[in-house]
Amino acid sequence: MVFLGLTHNIVLQREKTKIEVASKTPIDNKEQREHDRKVFEYLNAIMDENTLDITLNCLEVNHAYFYTKYGPVEKFMFELNRSDNAFADDYLNTVATSLKTEAERLNSFLINNFQQLRHGTSDDFLCLHPYWNCDREGTFGDREQDLKYDAAMNEMLEVVDNYRAAYASYRRAIKARLSV
């Protein structure tokens with residue numbers, strides 16, 4: 001009886017170990033990689049790294065952007081949200097989810113903190129709190145407006161830096177997993 005109990009316990013422990021090891025072993029799944037490559041190529045066709053750099057540089061340097069040029073960045077964010085564009089690889093999916101979070105944060109910041117100039121030449125050109133910026137529509141020498149603008153600018157720069165870092169992690173993961 002004791003021998004049967006010990007044998008049963010050893011067999012169960014061995015099977016449990018096999019399951020744990022098998023679950024940690026990556027499966028070389030060609031179809032999964034091909035699916036993920038197609039998802040990446042689709043998303044990259046919407047917004048490549050150059051398009052993102054132009055938009056983020058414009059935000060950092062001008063504290064403004066052209067809405068029509070922001071379109072690919074916004075569409076990229078929406079497409080990351082679609083279940084059709086989810087990566088099959090868990091790691092890629094995790095990195096893409098982090099990027100999506102930062103993309104949504106950037107989009108929310110732009111919606112809530114950028115407005116067009118009243119005397120602007122175009123409805124397309126949006127500026128970071130123009131009524132706090134003395135170079136746009138704010139009052140020169142108004143300390144309170146300057147402090148508000150500086151705080152908004154610092155927050156914007158943090159949001160942009162976080163987006164850049166998330167995008168860099170996403171691209172490194174794509175390169176490592178898909179060799180693209």
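The model is a predicted one, in which local features need pLDDT of at least 70 and side-chain atom pairs count only at pLDDT 80 or more, while totals for chains, interfaces and linings use all residues. Residues are numbered from 1 along each chain as its sequence is written, and side-chain values use heavy atoms, with hydrogens and water left out.

**The aromatic rings**

The rings of Y167 and Y170 form a tilted aromatic pair, 5.7 Å centre to centre with 50° between the planes. Rings of Phe, Tyr and Trp (its six-membered ring) pair if their centres lie within 6.5 Å, and planes under 30 degrees apart count as stacked, over 60 as edge-to-face and the rest as tilted.

By this rule there are 9 aromatic pairs. One of them joins F40 and Y170, whose ring centres are 6.4 Å apart and whose planes stand at 50°, so this pair is tilted. It links distant parts of the chain, since F40 lies in helix α2 and Y170 in helix α6, 130 residues apart. F40 is buried, with a relative accessible area of 3%. Now select F40, F76, F87, Y167 and Y170 together, which ring pairs link into a cluster.

**Helix α4**

Next, select residues 67–81, helix α4, whose 15 residues reach 21 Å from first C-alpha to last, close to the 21 Å expected at 1.5 Å a residue, the expected span being 1.5 Å times one less than the number of residues. Its buried residues are Y70, V73, E74, F76, M77, E79 and L80. Show also α2 (30–46), α3 (49–62), β1 (64–66), α5 (90–113) and α6 (143–178), which are included in what covers these buried residues, by contact of heavy atoms within 4.5 Å.

**The strands**

Finally, select β3 (residues 125–128), which pairs with β1 in the antiparallel sense over 3 bridges; two strands pair if DSSP finds at least two bridges between them. L126 in β3 is the bridge partner of Y65. Strand β2 (residues 114–116) also pairs with β3 in the antiparallel sense over 3 bridges, and there Q115 has C127 as its bridge partner.

Methods
Helices (H or I, at least four residues) and strands (E, at least two) are DSSP runs, numbered from the N terminus. Buried means under 20% relative accessible area, exposed over 50%, partly exposed in between (1.4 Å probe, protein chains only).
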